[in-house]
Amino acid sequence: MDRKSVKVKIFGSEYPLRGESEEFTKKVAGYVDSMISSIHDKIPEQPPLTISVLAALNITEELLKEREKNKMLEQELTKLTNYLATSIQNQEV
């Protein structure tokens, strides 16, 4: 797949990024920009590096929570699938 370069603006600076989907790359950059701006609005006296690190920590926290939730859903789905398979086997006997 051809990876196109896309210019995005994050916290006032432009960055050329490459991604498989221009739309998705812009969406990701927009999310990062939104998170940085949100933190900056709360603590504007902090330097940009601190704001960026806090944004990275917040985004990573969201990611890890979603991964944990996904893992729990997968486990529940596996339990339900096993239960249904056992129920079907018991009815066939």
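Which residues are buried in α1? Before you click, note that this is a predicted model, where local features need pLDDT of at least 70 and side-chain atom pairs count only at pLDDT 80 or more, while totals for chains, interfaces and linings use all residues. Numbering runs from 1 along each chain as its sequence is written, and side-chain values use heavy atoms, with hydrogens and water left out.

**Stop one: α1.** Select residues 22-42, the 21 residues of helix α1 (helices are DSSP runs of H or I, at least four residues; strands are runs of E, at least two; both are numbered from the N terminus). Now colour T25, A29, M35, I36 and I39, the buried ones (buried is under 20% relative accessible area, exposed over 50%, partly exposed in between, with a 1.4 Å probe and protein chains only). They sit on the same side of α1 because they cover an arc of only 120° around the axis (taken from the directions from the helix axis to the C-beta atoms).

Next, pick E23, K27, D41 and K42: these exposed residues are on the face turned away from the buried side of α1.

**Stop two: the cover.** Show β1 (4-10), β2 (13-19) and α2 (48-92), which are among what covers the buried residues of α1. β1 and β2 run antiparallel, joined by 7 bridges (strands pair if DSSP finds at least two bridges between them). Look for K9, which stands opposite E14 in β2.

**Stop three: F11.** Go to the loop between β1 and β2 to find F11, which has a positive phi near 50°. Its contacts (heavy atoms within 4.5 Å) include D33, I36 and P48.

Conventions: Expected span 1.5 Å × (residues − 1). Lists of a residue's contacts leave out its neighbours within four places in sequence.
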